[in-house]
Amino acid sequence: MKRAWQRMLSGRRLDLLDPTPVDVEIEDIARGLAFVARWNGQTNGVHAYSVAEHSLLVETLFTRITGKAPPKWQLAALLHDAPEYVIGDMISPVKAAVGPGYEALDVRLMAAIHLRFGLPAAIPVAVKRQIKKADKISAWMEATQIAGFSEDEASKFFGKPDHKVMQGLEITLRAPAETRHAFTARHNELLAAMP
């Protein structure tokens, strides 16, 4: 019999084929994302640049882009890559090669995560577009600051960002435990601010 579930350190057993909100815990997400390296680990620094760190940056950029989005959409931005706590981070070319099965799994996991934290299973298209814009700006910053891309090369892949949105922000590389705590703290702040 093939196993299609993941045991989490919280004790939860997450069914990957049929995930339910009751099996989702923020501590599991934060821990997993803090250990998942972006750019397949091909970044400068003594620590890998984690998906948790990336998610914190995307939420900051999203908030700057939107002015002052409601806390629920800020939370959606923070959790935009949350399924990667169990399925890992794949660079876009690998996702394309894997095909629609990866996307279907991602959608099922994201719906369970959203429902667990009081968000709709699918967020509005306009909000999703703004999160994607923040994600691309984050990717541009990561590419140029820690992944060895020139600004011209990064602009070809991720678009030319609005430098005002990035003003005063730098890529942060922290130990996984520190990043995990920062991610969990931000999650809790946003959850507490939701009506």
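**View 1. Helix 7 and helix 8 cross in a right-handed way.** In a right-handed crossing the near helix is turned clockwise from the far one by less than a right angle, and in a left-handed one anticlockwise. This is a predicted model, where local features need pLDDT of at least 70 and side-chain atom pairs count only at pLDDT 80 or more, while totals for chains, interfaces and linings use all residues. Residues are numbered from 1 along each chain as its sequence is written, and side-chain values use heavy atoms, with hydrogens and water left out.

Axes here are lines fitted to C-alpha atoms, for helices over the stretch in contact, with angles from 0 to 180 degrees between N-to-C directions. Helices are DSSP runs (H or I, at least four residues), as are strands (E, at least two), numbered from the N terminus.

**View 2. Here are the side chains where helix 7 meets helix 8.** Helix 7 brings Lys136, Ala139, Trp140, Ala143 and Thr144, and helix 8 answers with Glu151, Ala154, Ser155 and Phe158; contact means heavy atoms within 4.5 Å. Sorted by class, that's 5 nonpolar, 2 polar and 2 charged residues. Ala, Val, Leu, Ile, Met, Phe, Trp, Tyr, Cys and Pro count as nonpolar, Asp, Glu, Lys and Arg as charged, and the others, Gly among them, as polar.

**View 3. Helix 1 meets helix 10.** The axes of helix 1 (residues 26–35) and helix 10 (residues 176–193) come within 9 Å and cross at roughly 140°. That makes helix 1 oblique to helix 10, and the crossing is right-handed. From helix 1, the contacting residues include Ile26, Ile29, Leu33 and Phe35; from helix 10, they include Pro176, Phe183 and His187. The tally for this contact is 8 nonpolar, 2 polar and 2 charged residues.

**View 4. Threonine 179 sits in helix 10.** Threonine 179 is buried, at 1% relative accessible area (buried is under 20%, exposed over 50%, partly exposed in between, with a 1.4 Å probe and protein chains only). Leaving out residues up to four places away in sequence, threonine 179 touches Ser50, Ala52, Glu53, Leu56 and Arg174. Valine 51 is 128 residues away along the chain, yet its C-alpha atom is 9.6 Å from that of threonine 179.

Note on methods
Parallel < 35°, antiparallel > 145°, perpendicular 65-115°, else oblique.
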